[in-house]
Amino acid sequence: MNRMSEFFKRPLFLGILVCMLGLFIMWNIPIEKRKYGLSQTSVTTDYTGLLPLKVERVIKVADNQDLQKVVQQANETRQQISIAGLQHSQGGHTYFKKGVSLDMRSYNKILEINEESKTVRVQAGATWDDVQKAISPYGLALKVTQSQSIFSIGGSLSVNAHGRDIRFGSMANSVLEMTLLTPTGVIKTVTREDSEEWMKYVFGGYGLFGVILDVTLELTENDIYTIHTEEIYTSEYESYFTNLIAQNEVAMHYARISVAPDSFLDEMYVIDYVYTGEKDSKTPLKGEEGVRFSKLALDIGRKGGFWENLFWDSQKLYINSIDGKRISRNNAMRSESTFMEFTSNTRVEVLQEFFVPIHLFEEYIQDLKQLLSSNDQEDDFKVHNITVRFAGKDSLTSLNYAKEDMFGLVILIQHGLEEEEIESAKKTIQKWTDLTLDYKGTYYLPYYRYQTKEQFMRSYPNWKGFKMEKLQRDPNEVFQNLFYEYYLK
Ligand SMILES: Cc1cc2nc3c(=O)[nH]c(=O)nc-3n(C[C@H](O)[C@H](O)[C@H](O)COP(=O)(O)OP(=O)(O)OC[C@H]3O[C@@H](n4cnc5c(N)ncnc54)[C@H](O)[C@@H]3O)c2cc1C
């Protein structure tokens, strides 16, 4: 009996007990799932749920000809149509009051892979994940995509999305050809040489210029990279990146800025994907890894103050641990997303993205320090994360956010859902937008519209031309959504 009680007091036993308890807690961290989208029964929302609305009908798109009839009829009856991919946009871009919403998700076939010319032709409701699964056995990879592979091709091109690639320019540039159902119901094959310039308006056109049916995308090889990570100061980043882009040794890159009180907007870390010259067609595509652990870490950071310092330190430990590891291009383009899910009846997490010219980054960050509180533990408006990516100059699309080479700062924000809390978040984001505009910057349009119409017009001086083209190409204004109504009506 005595020996038994001695055993239970031993450090080894206590250590095992603590580990088991830790594992039990970790295993039981709930993985939330936002409830949003067209499949909800009473009202439709998008990713944030901030704009609930009743639509008249949802049509699951399966066939070109049926869809063509829907659009032709809508022109006769003056019915409004919106288009929905995976609905990660956050400002009512995918639905309209009493409108018809096209659910593109089942329109997702991979139509052709051409290994020789390195291209894939794919229906617009497919996700990047679908495409990666089809092309990776051929040793092929995407040129441009978001950080994650959870979005539809049509939804991504309609916002002209960007990610971690720093060599291939804008997403719109990676499209060779597109089949388009125009707003008046004509099916057209459109190439880059198209004299009517449909690509200019459809890409970054937020579903207002007809339905992208399928696209032929240029691909590249599934290179193997070595990951290089480094901790630096925000004051060093401009020159760090300028060297990196000039040297041509790095294919992909992103960075993260500290929002922890002790190092607020001073410290950052960078992650580079360095060419090795090796290619890959064998490594399996990775799934979501370490979801519970990442969620626990983010939840700790969400508590703010001391906990946010702890979260930042844990992120630095993590990035040091991956320094020198190898990764394929396909796997670098499919980051985890599930751990970010946040569900609460009283609070919401939203994204915003601000773009600033590279050469103004340092001064911008200094001014941002005056605008935001370094310790937001007691505030309603909380900034959880700032990621930085490169958005190269885009000369193709009409509503372009990168008129020159820019850094895009993606911000994860949390605030309350009471009316005054939303109003207060709006005020802070509007001030942030003004600051960005003062630095010749812009803000990204797929997210919730905290900004004013005037701020939109300043950010996107081409808006008039965009609207004129919209009215010429869609004279009955069949394609509408809440984004269009708010900014352009
Ligand atoms: C967690 C998260 C991470 C994100 N990360 C990034 C990122 O790294 N980089 C980035 O650039 N953006 C990012 N975004 C924004 C995201 O890229 C856009 O919201 C994108 O539109 C999402 O694709 P989707 O399939 O959900 O599109 P949806 O939200 O369904 O649609 C977006 C727009 O495209 C239109 N559309 C959809 N399908 C078609 C079609 N077939 N034809 C014509 N129009 C169509 C819709 O009408 C709508 O206006 C992120 C968003 C979230 C929520």
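In the predicted model, strand β10 (residues 223–233) and strand β13 run antiparallel and are joined by three bridges. Within this pairing, Tyr225 is placed opposite Ile327 of β13. Both strands belong to an open sheet of eight strands, whose order is β13-β10-β12-β11-β15-β16-β14-β17 and whose pairing is antiparallel.

On the α8 side, the contact is made by Ala297, Ile300 and Gly301, while α9 contributes Trp307, Glu308, Leu310, Phe311 and Ser314. By residue class, this contact of α8 with α9 comprises five nonpolar residues, two polar residues and one charged residue.

At the level of domains, the chain is divided into domain 1 (1–30), domain 2 (104–221) and domain 3 (223–459). The centres of domain 1 and domain 3, taken over C-alpha atoms, are separated by 39 Å. In the UniProt record, an unreviewed entry, residues 51–222 carry the annotation "domain: FAD-binding PCMH-type". This span is 19% helix and 28% strand, and its end C-alpha atoms lie 40 Å apart.

Residues of the shell around the ligand come from both domain 2 (104–221) and domain 3 (223–459), so the ligand lies between the two. There are 35 residues around the ligand, and those that come nearest are Gly85, Gly154, Gly155, Ser158 and Gly207. Among the secondary-structure elements, β2 (81–84), α5 (153–157) and β9 (211–221) each provide at least two residues of the shell. In composition, the shell around the ligand contains 15 nonpolar and 20 polar residues, with no charged residues. The contact of α8 with α9, by comparison, includes one charged residue.

Technical notes. Residues are numbered from 1 along each chain as its sequence is written. This is a predicted model: local features need pLDDT of at least 70, side-chain atom pairs count only at pLDDT 80 or more; totals for chains, interfaces and linings use all residues. Two strands pair if DSSP finds at least two bridges between them. Helices (H or I, at least four residues) and strands (E, at least two) are DSSP runs, numbered from the N terminus. UniProt positions are given in the numbering used here, feature names are shortened, and annotations may be inferred rather than shown by experiment. A residue is near a molecule or strand if its C-beta atom, placed from the backbone, lies within 6 Å of it. Ala, Val, Leu, Ile, Met, Phe, Trp, Tyr, Cys and Pro count as nonpolar, Asp, Glu, Lys and Arg as charged, and the others, Gly among them, as polar. Domain bounds come from an automatic or database domain assignment. Two residues are in contact if their C-beta atoms, placed from the backbone, lie within 7 Å.
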